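Reader: I am new to reading structures. Please pick one contact between parts of this chain and take me through it closely. Then show me how it sits in the whole.

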Amino acid sequence: MNIAHWLLDAAQRWPQRPALFEGCRQVADYQDFATRVRARALQLRHGHGIAPGERVALLMKNSCDYLELLYAIWWSGAVAVPVNSKLHPREAAWIVGNAGARAIYTDSGRTFELKDLPDNCRELPGYATSVPTVAPDHELLEPCPRRDDDLAWLFYTSGTTGRSKGVMLSHGNLMAMSLCYPLDVDPVQATDAVVYAAPMSHGAGLYNFIHVRCGARHVVPESRGFDAQELFGLAQELGQVSLFAAPTMVKRMVEQARQQGYAGAGIKTLVYGGAPMYLADLGQALDTFGPRLVQIYGQGECPMTISALSRELIADREHPDWPAIAASVGRPQSCVEVRIVDADGQRLGPGEPGEIAVRGAPVMHGYWDNPSATQEALVDGWLLTGDIGFLDSRGLLTLTDRSKDVIISGGSNIYPREVEEVLMQHPGVFEVCVVGQADAEWGESVVAFVVLRCPGGLDAQALNQWFVTRMASFKKPRKYLFCRELPKNSYGKILKTRLRQWLQDPTGSIADL
Ligand code: AMP
């Protein structure tokens with residue numbers, strides 16, 4: 001089934017329900033939304049000659065047009081390739097070439113030099129001024145028929161650990177992922193408003209489907225991005241707001257909320273994930289917003305759908321084991337099985353750390369045009385996530401790290417995450433990232449990049465003292481490097497590769513990382 005049927009169905013059931021909002025202003029009900037999508041689908045097919053199965057890329061900031069174009073692409077039977085709008089046009093052109101996209105929508109319609117795009121790919125303006133009206137008896141009254149395993153979304157990974165790969169997600173993958181949301185993350189009602197404060201090309205965009213299915217409101221902030229103050233205004237005006245936010249965004253929301261004395265009115269659910277949320281930050285978020293937080297763990301290869309930690313477990317701070325529960329990523333979601341395996345693929349028991357493997361309906365079909373990477377990632381029907389973690393006897397999954405991030409020092413495995421947790425609890429520490437550095441004596445040694453709340457307020461000795469009273473001293477950082485901020489990609493993930501590169505070749509000031 002073509003997932004665009006969810007839009008047709010919503011328009012038939014609830015034509016007058018409010019659908020698309022720019023800030024607090026409604027710009028379309030479900031009938032308008034579907035009509036415009038169909039018009040754009042016809043334009044794609046006849047105006048631009050895009051056939052079913054062909055790829056169409058989007059390099060745009062968040063907007064209502066973005067949602068319309070995604071659905072138009074699926075309605076016409078084509079495949080969407082959403083590209084992170086913060087990428088350099090050259091990087092985007094690489095993705096377009098790799099995906100063999102026939103067209104790319106951009107905000108201005110003039111982002112690329114003609115020579116940068118492949119010959120058979122044209123740039124199109126993403127804004128809606130030219131949407132034609134459609135004769136009611138024309139074709140594509142319904143979305144073009146697609147099978148569950150037909151490709152729908154080519155999802156280019158954020159490339160924090162190497163060159164970006166095109167994850168192949170089918171209509172069936174997207175449906176399975178979406179149906180887990182009300183079961184495992186948060187029930188959805190028509191009165192809800194999903195706000196796109198993080199890029200639609202990534203996790204936030206994937207949450208559109210279930211909200212279309214339930215006829216809820218879709219809200220793009222006027223800033224077209226993340227602005228905590230604007231978000232609070234929207235929540236108070238629109239009510240029942242839910243959003244996906246990376247932990248760094250949650251942290252900024254907490255700071256802003258504290259400054260203006262806001263306590264979360266109008267926010268229904270804040271779903272966080274995509275990177276570790278440290279306990280110290282989670283505690284502050286709960287103090288500020290109350291029981292509004294839910295955590296998910298996923299990756300492009302099994303989008304948003306490996307595990308979830310429920311609102312109730314997160315909020316239950318009276319539970320004697322709360323620190324361990326809150327540091328976990330929760331239980332496997334409804335459509336997947338999760339197991340922990342060793343380097344030979346053998347299943348490990350409760351409490352034993354190993355690679356997290358996952359199997360189920362949302363798992364990708366492979367990497368686009370990359371059979372060797374596909375073979376490495378999908379083994380006997382299981383997706384090897386590259387994340388290290390353990391399952392406990394209650395079925396809770398805890399991530400310790402990415403397999404590539406584990407530091408082996410003097411033969412012992414040190415998980416950067418646990419070192420970071422301890423340092424983050426220090427009241428003077430704002431952010432921290434721990435990586436390994438080659439060391440002649442130990443193989444690797446632990447290095448902590450630290451951002452302080454007050455620059456100059458702490459030194460290495462003070463942090464060491466803090467550390468050794470809380471954790472085995474063989475895990476103690478050998479070096480603390482103080483910086484103004486940590487380099488992050490546009491999804492808020494810390495670029496560990498950049499930090500490692502700097503350690504290898506520390507040219508330039510640490511402040512310019
Ligand atoms: P991406 O494919 O770019 O979304 O990155 C996915 C990776 O982000 C995962 O493999 C994890 O390493 C990390 N990640 C995702 N969700 C979480 C989470 N809730 N806690 C910690 N790390 C996470």
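Author: Start with one term. Accessible areas come from the Shrake-Rupley method, with a 1.4 Å probe. Keep in mind that this model is predicted.

Now the whole chain. Its accessible surface comes to about 21000 Å². Carbon and sulfur atoms account for 50% of that surface. The chain has 513 residues, and 57% of them count as buried. Its C-alpha atoms fill a box of roughly 75 × 50 × 45 Å along the principal axes. The radius of gyration is 23 Å. A compact globule with 513 residues would have a value near 24 Å, so the chain agrees with that expectation.

The chain holds 16 helices and 25 strands. Take the contacts between residues at least 6 apart: 67% of them join residues at least 24 apart.

Here is the close look. The part is the meeting of helix α8, residues 228-238, with helix α9, residues 247-260. Their axes come within 9 Å and cross at roughly 70°. Angles of 65 to 115 degrees count as roughly perpendicular. That makes α8 roughly perpendicular to α9.

Which residues meet? From α8 come Ala228, Gln229, Leu231 and Phe232. From α9 come Arg252, Met253, Gln256, Ala257 and Gln260. Sort the residues of this contact by type: five are nonpolar, three are polar and one is charged.

Two single residues are worth a visit elsewhere in the chain. One is Gly389, in strand β19, which spans residues 382-391. Is Gly389 buried or exposed? Its relative accessibility is 0%, so Gly389 counts as buried. The cut-off for buried is under 20%. Gly389 and Gly354 are 35 residues apart in sequence. In space, their C-alpha atoms are 5.7 Å apart. Gly354 is also among the residues that Gly389 touches, leaving out those up to four places away in sequence. Others on that list include Ile340, Glu352, Thr398 and Leu399.

The other is Ser201. It is found in the loop between β9, residues 193-195, and α6, residues 203-206. Ser201 has 6% relative accessibility, so it too counts as buried. What does Ser201 contact, beyond its neighbours within four places in sequence? Its partners are Tyr66, Pro82, Val83, Asn84, Trp153, Phe155 and Tyr491.

Technical notes. Residues numbered from 1 in each chain as written. Predicted model: local features only at pLDDT ≥ 70, side-chain atom pairs only at ≥ 80, totals over all residues. Heavy atoms only, no water. Axes fitted to C-alpha atoms, helices over the stretch in contact; angles between N-to-C directions. Helix = DSSP H or I, 4+ residues; strand = E, 2+ residues; numbered from the N terminus. Parallel < 35°, antiparallel > 145°, perpendicular 65-115°, else oblique. Contact = heavy atoms within 4.5 Å. Nonpolar A, V, L, I, M, F, W, Y, C, P; charged D, E, K, R; others polar. Rg over C-alpha atoms; globule rule 2.2 N^0.38 Å. Buried < 20%, exposed > 50% of the residue type's maximum accessible area, 1.4 Å probe, protein only.
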